[in-house]
Amino acid sequence: MHLTPESIKLVRNVEDLSRRKFQYFNQICRLVDYANQKDNRSKFDELIFLAKFITNSWNILDRAGVESQETEKIKLEFTKSIETTQAIIGNLTEGEDSFSRLCEITTSEDFQEFRIFIHELSWLQNYYIERKAKR
């Protein structure tokens, strides 16, 4: 899939906000393009919302520990959100191979790569929130 100038510009703006270059720049651009091409904006909005939730949950679980009694509910929501995120990505991309591999978590390395991808994706939610606040 060829990346559109609109998705490239958007993701570059998001990188500027985050003050870093994205490792998954092309994949995020492709998700933006898939969402726009197939009129799946609501699914994409849900995806970036969940990415932000997952990123924040990871931070909480890292601090509190996954075995903590206090984090039981968040662990359940966290797991459900990851599964929903993987399903939305699969739906948006129609199972495109590179996304299937990214979302297939079988090793700790896969999990870390998925975490980086989700963290970068969560910056789109930050970008839209900031843009809305400036209006």
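Predicted model: local features only at pLDDT ≥ 70, side-chain atom pairs only at ≥ 80, totals over all residues.

Biologist: Which residues of H4 are buried, then?

Modeller: Ile74, Lys75, Phe78, Ser81, Ile82, Thr85, Ile88, Ile89, Leu92 and Thr93. Seen down the axis of H4, these buried residues fall within an arc of 150°, so they line one face of the helix.

Biologist: What do the buried residues of H4 pack against?

Modeller: They pack against H2, H3, H5 (97–103) and H6.

Biologist: How many residues does H4 have, and how far does it reach?

Modeller: H4 has 22 residues and reaches 32 Å from its first C-alpha to its last, close to the 32 Å expected at 1.5 Å a residue. Glutamate 94 follows H4, and its phi is positive, near 50°.

Biologist: Now H3. What span should its 24 residues have?

Modeller: At 1.5 Å a residue they should span 34 Å, and the end C-alpha atoms of H3 are 34 Å apart, which agrees. Just after H3, glycine 65 takes a positive phi of about 95°.

Biologist: And which residues of H3 are buried?

Modeller: The buried residues of H3 are Phe44, Leu47, Ile48, Leu50, Ala51, Ile54, Thr55, Ser57, Trp58 and Leu61. The helices they pack against are H2, H4 and H6.

Biologist: Take H2 and H3. At what angle do the axes cross?

Modeller: At roughly 145°, and the axes of H2 (residues 25–37) and H3 come within 7 Å.

Biologist: Which residues meet there?

Modeller: From H2, Leu31, Val32, Ala35 and Asn36; from H3, Arg41, Phe44 and Leu47. By class, the contact of H2 with H3 has five nonpolar, one polar and one charged residues.

Biologist: On to the rings. How many aromatic pairs are there?

Modeller: The count comes to four aromatic pairs. In one of them, the rings of tryptophan 58 and phenylalanine 78 have their centres 5.2 Å apart and their planes at 75°; planes over 60 degrees apart count as edge-to-face, so this pair is edge-to-face.

Biologist: Where in the chain do tryptophan 58 and phenylalanine 78 sit?

Modeller: Tryptophan 58 is in helix H3 (residues 41–64) and phenylalanine 78 in helix H4 (residues 72–93). They are 20 residues apart, and the pair links distant parts of the chain.

Biologist: Is tryptophan 58 buried or exposed? What about phenylalanine 78, buried or exposed?

Modeller: Tryptophan 58 counts as buried at 4% relative accessibility. Phenylalanine 78, at 8%, counts as buried.

Biologist: What kind of pair do tryptophan 58 and phenylalanine 111 form?

Modeller: An edge-to-face pair, 5.3 Å centre to centre with 75° between the planes. Tryptophan 58 in helix H3 and phenylalanine 111 in helix H6 (residues 108–134) are 53 residues apart, so this pair also links distant parts of the chain.

Biologist: How does phenylalanine 111 count by accessibility?

Modeller: Phenylalanine 111 counts as partly exposed, at 28% relative accessibility. Trp58, Phe78 and Phe111 form one aromatic cluster.

Biologist: Last one. Where is glutamate 120 found, and is it buried or exposed?

Modeller: Glutamate 120 is found in helix H6 and counts as buried, at 1% relative accessibility.

Biologist: Which residues does glutamate 120 touch?

Modeller: Not counting residues up to four places away in sequence, glutamate 120 touches Arg20, Lys21, Phe22, Gln23, Tyr24 and Ile28.

Terms used. Residues numbered from 1 in each chain as written. Heavy atoms only, no water. Phe/Tyr/Trp six-rings, centres within 6.5 Å; stacked < 30°, edge-to-face > 60°. Helix = DSSP H or I, 4+ residues; strand = E, 2+ residues; numbered from the N terminus. Buried < 20%, exposed > 50% of the residue type's maximum accessible area, 1.4 Å probe, protein only. Axes fitted to C-alpha atoms, helices over the stretch in contact; angles between N-to-C directions. Contact = heavy atoms within 4.5 Å. Nonpolar A, V, L, I, M, F, W, Y, C, P; charged D, E, K, R; others polar. Expected span 1.5 Å × (residues − 1). Arc of directions from axis to C-beta.
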